[in-house]
Structure formats: C-alpha cells, structure tokens
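Subject: Structure for your review

Dear colleague,

Please find below the structure that I would like to hand over to you.

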Amino acid sequence: MRLLVAEDHPTLARSIADGLREENYAVDLTFDGDEALHLAQVNRYDAIVLDIMLPNKDGWTILGMLRRAGSTTPVLFLTAKEGVVDRVKGLDLGADDYLVKPFVWEELLARVRAVVRRGHGLRSTAIRVGDLEIDTVRKTVRRSETPIELSAREFSLLEYLAHRQGQVVSRTDIWEHLYDQHDEATSNVVDVYIGYLRNKIDKNFPTKLIHTRRGLGYVLETEG
Amino acid sequence: MTRRIALVILITVWAMLIVGGVGAYVTTRAVLLSDMDESLRIRAMSLLGGDMSAPGRDERYVIRNEAGITQLRPTTSAARAEIKTLQATFSTLADGVRVRSVTLRVTPVGGAPVTITYSRDAYKFDRLLERLALALALLGLLGGLGAAAMAMRLSRITLAPLRETADVIGTIDERQLSRRIEVAKLPVELAPMAERLNDMLARLQAAFAQRKQFLGDASHELRTPVAALLTNLEVGARRDRDPNEYREILERSLAEARSLKHLVERLMEQVRSEQMSHQEKPLLVDVSALLDECSDIAGVLGANQDIRIVRSFAYGLTITTQAERLKNVLINLLSNAVQYNKPRGSVEVLGERNGNGLYISVRDTGQGISPDHLNDIFQPFYRADGVRNRSDGHLGLGLAQVKAHMNAIGGKCEVESRLGWGSTFRIWVPDDYEAQKVPIKEPN
C-alpha cells in the first residue's frame with residue numbers, strides 16, 4: 001500500500017513516515033500544501049494522511065480540490081484542533097476519518113488500515129480468497145489452515161492484490177502502490193515478486209489463485 | 001423588608017384607629033348623655049310646672065319634700081324657682097331595669113324646696129352605644145388589616161424589579177456573562193448602580209473571552225509538538241534497533257522537548273503580561289540609554305544579515321513608567337524588525353517627546369505586512385506567513401506581548417506598513433500613567 005503523508009512539523013512528519021514504512025507501507029512525505037496537492041493529483045495513493053495546517057495550502061482546501069476533481073482516495077485528517085465543528089466540517093468535506101494530535105500510534109495505524117480497507121470496499125480486516133486467509137492486522141497468511149511465511153514485501157504485494165481481488169491489476173499499478181517516489185525499483189521487480197509469491201502461495205496447493213492476464217497484468221482470484 | 005413595612009404600617013394605623021375610635025366613642029357618649037340628661041331635666045321641670053302629661057312608659061319620677069317624704073304633686077309653681085341639679089347617674093332599680101336619673105332640687109321663691117328625681121330607661125342608650133363601639137372596633141380592625149395588606153402589596157410591587165434583578169444576577173456565571181440588568185425596569189435611584197454593574201459584567205465578559213481564546217490557542221499550539229514527541233518515541237520503541245538509531249530517536253525527542261519547554265515558557269510570559277496584577281513600581285527611566293542598549297542588542301542580532309541600526313532619537317529622553325515592560329516591548333519590536341528584514345537592510349529607531357509622553361518608532365526595510373493582516377498581527381500566535389516554523393523559535397507571541405505590556409502602562413501601539421517596503425511600529429508611552437489611574441482594589 002502506498003500512502004501520502006503531509007505534515008509540516010518536521011519531527012512529527014518524519015516519525016509518522018518512518019513508523020508507517022516500518023509497517024511496510026510505501027510512504028511519500030511532504031511538508032508543504034502545494035506539494036501535497038500536486039503529489040495527490042499525480043500519484044495514486046491508497047490513503048492520504050493529511051495535516052490540516054499546512055503552509056501554502058491548508059488541508060481543507062486540498063481535500064476540497066481533490067474531491068471536486070473526482071478523487072476517491074481515502075483521506076485521514078490530522079489536526080491540532082479538537083472542536084466538534086472542525087470534525088463535522090472535515091467529514092462533510094469528504095474526509096474519511098479524523099485524528100486529533102497528540103494521538104496514540106496504534107490508533108493511527110488502525111485508522112490508516114481501516115481507511116485503506118474502506119477505500120477498496122472491504123469491511124473486514126480479514127480477507128479471504130478461496131481458502132486463502134489474510135489477516136491484515138496481524139500480518140499473517142494461511143492457506144487451508146496452513147500458515148505461510150512471507151517477507152514484508154511479499155506480504156504487501158499479496159495484501160494489495162487481495163484488496164483488489166477479482167480485478168486485473170497492471171504491473172504499473174502494483175509498482176505504484178508498493179514503492180514510493182524515491183524508490184529506484186524497476187517494473188521487473190514486480191514479476192520477480194509475483195514469482196516469489198506464487199512459490200509460496202500456489203505451488204503446493206491444488207488450485208491456483210494468482211493468475212496472469214497476458215498484456216494486462218495479474219489477478220488474484222479463485223479459478224473459474 | 002416587606003414584612004417590616006407592613007408591620008409598622010399595621011401598628012401605626014391600628015394605633016391611630018384605636019385612638020380615633022376611642023375618641024369618637026367617648027365624645028359621642030358624652031354628647032348623647034348630656035342630651036338625655038337635658039331632656040330629663042326639662043321633663044322634670046315641666047312636671048313641676050303643672051304639666052301632668054303622662055311620662056312615657058319608660059320614664060318615672062319621684063318627688064320628695066324637705067323631710068324626704070314622697071309627694072304626689074308639687075304644690076308650688078316652679079316659676080322663678082331656684083333649680084339645682086343634685087346628680088345625674090345610672091342606676092339599676094329593684095326590678096333589674098337600668099335607668100338614667102336626674103335629681104333636681106327646686107326651691108320656689110318663698111317656699112320649701114322639693115327634690116325631684118326623673119328617670120328614664122337606659123336600654124336604648126346602652127344598645128346604641130354598644131353598636132357604636134362594635135362598629136368602631138370592627139372598622140378599626142379591618143382598616144388596619146386593609147392598610148397593612150395594601151402596604152405589603154405596594155412594597156412588593158416596588159421591590160419586584162429589585163428581586164428580578166437579583167435573580168438575573170444570580171444566574172450569571174461564566175457561561176452567561178452576556179446577560180445584563182435591565183436598567184429601565186428599576187427604580188430611578190438604583191439606575192447608577194445597575195449601570196456600573198452592567199459595565200463590570202461587560203469587562204468580565206471581555207476578560208473571559210480573551211482568556212478562553214488564549215487557552216484555545218495555547219492548547220492548539222501545544223498539541224503538535226507533544227504529538228511529535230509522543231509519536232517519535234512510540235515509533236522508536238516499537239522494535240529493537242541499533243544504538244545509532246536509538247541515539248537519533250533520543251536526540252530528536254530531546255530537541256522536541258526543549259522546543260516544548262520554550263513554548264511553555266513563552267506561554268507563561270504571555271499570561272503574566274496580560275495580568276494587571278503583575279505591577280512593577282514605575283520608575284524614572286532614561287529612555288535614550290534604554291534605546292541605545294536595545295539598539296546594540298538589535299545590532300548583534302542582525303549582524304549576520306548585515307542589518308544596520310540607525311539611531312535617530314534625541315539624548316536625554318526620560319519617562320516615568322514600568323521599566324521592565326518598556327524594555328520588553330522595545331526588545332520585541334527591534335528583534336522583529338531585524339528578523340523580518342531584507343539582507344543588508346536597516347532598522348531605524350526614533351524617539352521624541354510629545355506633550356506628556358513619548359513617541360518611539362521602529363522602522364524596518366523588511367517585507368512589509370499586507371493591509372488584510374494589519375489588524376490581526378497583535379493576536380497571540382498569529383503569524384502572517386502562515387508558517388509554523390518551529391526551528392526559529394518564533395511563536396507569534398511577540399506582538400501580543402507588546403500589546404499587553406502597552407495596555408498595562410497606559411500606552412498605545414500602532415503599525416504602518418507597505419508590502420515590499422517595510423513596516424513602522426510606533427508606540428506612545430505616557431508619563432507617570434499610574435498617578436493618573438483610579439486605583440483598583442486587588443482581591444486577596
């Protein structure tokens with residue numbers, strides 16, 4: 001999953017970005033409102049963590065402009081204001097959630113997960129594809145009750161495919177959602193990781209879940 | 001108070017009614033009695049004079065001679081007789097009837113005196129007086145009660161606005177400071193007091209609003225640095241790391257904690273500068289020397305940007321005021337002038353006496369402030385560039401402090417600015433403000 005974090009306080013911004021990266025999110029970080037809007041328009045994120053008080057453009061304005069342009073990217077507002085009025089204003093403008101600073105880290109993580117989930121139309125923290133079960137909170141994977149060990153990257157890839165299960169996902173999509181703007185990965189790496197994933201998820205099991213659609217991309221679904 | 005008024009009126013009216021009633025009764029009785037006695041005398045005399053018309057059923061008489069023997073009829077004429085009233089009394093006869101009797105001794109010329117006692121039933125008289133007494137008593141009682149009731153009602157009506165006012169005052173707490181006493185409803189004598197109370201409420205309301213605003217701003221300002229500290233440490237503690245990473249986390253946390261400390265100190269300064277109770281004693285201040293000193297400090301601050309400090313104030317300027325506050329104001333204005341200046345720009349410091357005070361101006365060649373913001377820059381935490389750049393330690397509190405200090409010493413602060421050209425901050429410092437003020441009693 002790829003996130004945009006826009007927060008003008010340098011230490012807080014870096015802590016949030018570092019913490020999210022340690023949770024295997026690809027994170028683009030900015031301290032400025034104009035840059036945040038630009039990045040949100042140019043890249044596709046699974047969620048945006050948006051501080052309200054940003055220099056040059058505040059969070060309200062950015063959110064308004066994104067929504068008016070038709071963006072459905074989930075947005076989690078961070079704010080130092082605690083009033084109900086601001087909460088209502090934010091939610092009515094199109095924010096998906098709202099966190100008041102200072103917040104507990106675990107709560108930020110949970111809300112980011114929830115907002116990403118909802119952005120993909122999922123309700124539960126557990127995703128099932130056939131007999132494959134993915135627990136997005138504990139970051140565990142089982143197939144037919146057998147636990148499967150995945151690396152961080154592999155899990156992120158599987159999670160992304162699962163969030164979009166049944167839909168064909170192009171290599172570019174995958175690459176854009178797994179790597180942030182500073183990563184030097186090439187699109188080959190996607191094929192490589194799909195290979196690793198197939199090895200662990202599909203190889204020893206009767207039914208295949210990861211399918212290639214030639215020329216289009218990959219899809220995670222039960223056969224048939 | 002209503003009850004006391006009512007009681008006093010009740011007792012007074014009753015006393016008056018009792019006195020009046022008793023007087024009326026006694027007078028009436030005396031008049032009626034003398035009337036009756038006179039009529040008895042006339043009847044007695046006419047009897048003696050030969051008029052034997054039968055006395056009324058309720059009248060009787062007895063005529064006696066000198067020896068005390070009853071005579072049926074007088075033998076002498078009563079004309080030109082000497083008449084002396086011996087007595088006039090009430091008495092109860094043997095058959096139980098109460099009568100009024102008048103006894104006369106009539107001594108005819110050249111004749112023997114006779115006494116005649118003429119009596120009439122007192123029944124009617126007694127009944128009449130009884131009724132009179134009752135009527136007066138009843139009148140007195142009712143009159144007294146009526147007067148008292150009316151007094152109570154009148155005083156309640158008059159005091160009702162006071163009670164309403166007391167109720168209104170009773171409901172005023174910090175959430176209801178917008179309520180005011182309706183002066184028009186009160187008796188005119190209470191208007192000045194009510195107006196002063198309303199003024200006081202207005203001042204309290206303003207003070208509370210300012211405090212609430214400040215608390216909101218301060219809490220807002222504190223939240224992000226606290227979040228930075230907290231998130232930094234939480235994320236840091238989530239997994240095992242190598243010592244270098246830990247060191248970096250600790251250093252970032254330390255920097256943030258220091259910045260918080262600085263913020264808290266500035267907030268406390270702001271609170272202190274707003275409080276009227278923070279009073280120093282006004283002193284005679286050598287203003288020129290103070291301006292010199294502050295200009296030196298500004299020079300140091302602006303050294304690495306090559307900012308020139310131009311001293312355009314006269315020497316020998318003095319004023320009596322709170323020295324620390326004035327110094328605080330000057331340092332704030334000068335450091336702003338240096339901070340928001342262009343490289344190789346200048347800051348001009350002017351000062352001159354005017355009437356019973358001083359004008360001091362600080363003019364910079366900085367970026368200037370746009371007209372939309374000119375009113376807002378004195379608000380706590382306001383920063384015209386919208387940036388919360390914590391690294392330079394500026395929190396937007398400097399001008400708010402300047403305003404608070406100038407208020408405390410009875411002065412004023414204004415600003416003129418042109419975008420791209422620079423700004424001029426001008427303060428007016430009155431001489432010996434304290435001496436002109438009405439002293440305010442401090443609560444203990």
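Predicted model: local features only at pLDDT ≥ 70, side-chain atom pairs only at ≥ 80, totals over all residues.

Residues are numbered from 1 along each chain as its sequence is written, chains are lettered from A and ligands numbered from 1 in the order in which they are written, and side-chain values use heavy atoms, with hydrogens and water left out.

Chain A

Chain A contains eight helices and eleven strands (DSSP runs numbered from the N terminus: H or I of at least four residues for helices, E of at least two for strands). Of its 224 residues, 53% count as buried (under 20% relative accessible area with a 1.4 Å probe, protein chains only; exposed is over 50% and partly exposed lies in between). Where contacts in chain A join residues at least 6 apart in sequence, 56% of them link residues at least 24 apart (contact means heavy atoms within 4.5 Å).

Helix α1 of chain A covers residues 10-22. Its 13 residues reach 18 Å from the first C-alpha to the last, close to the 18 Å expected at 1.5 Å a residue (the expected span is 1.5 Å times one less than the number of residues). Buried residues in α1(A) include A:L12, A:I16, A:L20 and A:E22. After the helix comes A:N24, with a positive phi near 70°.

A:E22, in helix α1 of chain A, touches B:V235, B:R239 and B:R241, leaving out residues up to four places away in sequence. A:E22 and A:A152 are 130 residues apart in sequence, yet their C-alpha atoms are 9.4 Å apart in space.

The interface

In all, 21 residues of chain B are in contact with 25 residues of chain A. The area buried between the two chains is about 2100 Å², of which carbon and sulfur atoms give 53% (buried area is the accessible area, with a 1.4 Å probe, that two parts lose on being put together, summed over both). In chain B, B:R223, B:R238 and B:R252 lose the most area to chain A, together 29% of what that side buries.

Five salt bridges are counted between chain B and chain A (a side-chain nitrogen of Lys or Arg within 4 Å of a carboxyl oxygen of Asp or Glu). A:E23 forms a salt bridge with B:R238, with the closest N and O atoms 2.8 Å apart. On the side of chain B that touches chain A, α3 (191-237) and α4 (243-274) of chain B each supply at least two residues. The largest share of that side, 13 residues, comes from α3(B).

Two individual residues

A:R143 lies in strand β8 (residues 140-143) of chain A. A:R143 counts as buried because its relative accessible area is 0%. B:N332 is found in helix α6 (residues 323-339) of chain B. B:N332 counts as buried because its relative accessibility is 10%. Leaving aside neighbours within four places in sequence, B:N332 is in contact with B:R266, B:G398, B:Q401 and B:V402.

With kind regards
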